[in-house]
Amino acid sequence: MISRTNQTEVSFTVNGELIAESAPVRMHAADFLRQKLGLTGTHIGCEQGVCGMCTITVDGQVVKSCLMLAVQLDGRNVCTVEALSEGNRLSLLQESFKRHHALQCGFCTPAFLCVAKSLESHGRVLSKEEIREEIAGVLCRCTGYEGIVNAIEEYLTAALDAGANQKEAEA
Ligand code: FES
Ligand code: FES
């Protein structure tokens, strides 16, 4: 049936919370997250899939949210940078970025944090070369990447160790 309005209903889980909202049919996902849901940690740079500033995860996959329409989020499980802190405390990953001076202006940081978090799914610590390959879709104008790569490497080591210790304790 042809819709007589340019609005549509969208319902999905974002950072563990189920939301239902109306969205203009042509609004891209990054604008929807920022403007409709107030999740402004997802930044927008180029709006054409080049800079990676808008990176989030959808059903565990890293995506550039300026290349998706809001309606495509319907029924999915979305994670943005806002999910990464632990209440008022920085997470292990954020602490690692801070310790390694992995940010200057910070505009790219939410995207790198989302990519870094997703790398845990490999179940092992990636080499520096592999980390560089994984983060290649996000551009940083300030840092020279060294601190970002070191922070991610340290985080993966700590997170995987913590997971292994927990499994041992449960056995
Ligand atoms: S804003 Fe999405 S890739 Fe640049
Ligand atoms: S810290 Fe400024 S763009 Fe990356």
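This is a predicted model: local features need pLDDT of at least 70, side-chain atom pairs count only at pLDDT 80 or more; totals for chains, interfaces and linings use all residues.
Visitor: In what order do the five strands of the open sheet stand?

Guide: Strands (E, at least two residues) and helices (H or I, at least four) are DSSP runs numbered from the N terminus, and two strands pair if DSSP finds at least two bridges between them. Here the order is S2-S1-S5-S3-S4, with mixed pairing. Strands S2 (17–24) and S4 (61–64) stand at the edges with a single partner strand each, so one side of each has no neighbour in the sheet.

Visitor: How many bridges join S1 to S2?

Guide: Eight bridges link S1 (residues 7–14) to S2, and the two run antiparallel. Within this pairing, Phe12 has Ile19 of S2 as its bridge partner.

Visitor: Which strands does helix H1 touch?

Guide: Contact means heavy atoms within 4.5 Å; angles run from 0 to 180 degrees between N-to-C directions of axes, which are lines fitted to C-alpha atoms, for helices over the stretch in contact. Helix H1 (residues 29–36) packs on the sheet against S1, S2 and S3 (55–58), and its direction makes about 110° with that of S2. Helix H3 (residues 109–118) lies across S3 and S4, at about 35° to S3.

Visitor: How is the chain divided into domains?

Guide: Domain bounds come from an automatic or database domain assignment. Domain 1 spans 7–80 and domain 2 spans 92–170. Their contact takes 13 residues from domain 1 and eleven residues from domain 2.

Visitor: What area is buried between domain 1 and domain 2?

Guide: The size of an interface is often given as the accessible area lost when the parts come together. Buried area is computed with a 1.4 Å probe and summed over both parts. Here the value is about 940 Å², of which carbon and sulfur atoms give 69%. In domain 1, His43, Met53 and Thr55 lose the most area to domain 2, together 46% of what that side buries.

Visitor: How many salt bridges does the rule find across this interface?

Guide: A salt bridge is a side-chain nitrogen of Lys or Arg within 4 Å of a carboxyl oxygen of Asp or Glu; across the interface of domain 1 and domain 2 the rule finds zero.

Notes. Residues are numbered from 1 along each chain as its sequence is written. Chains are lettered from A and ligands numbered from 1 in the order in which they are written. Side-chain values use heavy atoms; hydrogens and water are left out. Buried area is the accessible area (1.4 Å probe) that two parts lose on being put together, summed over both.
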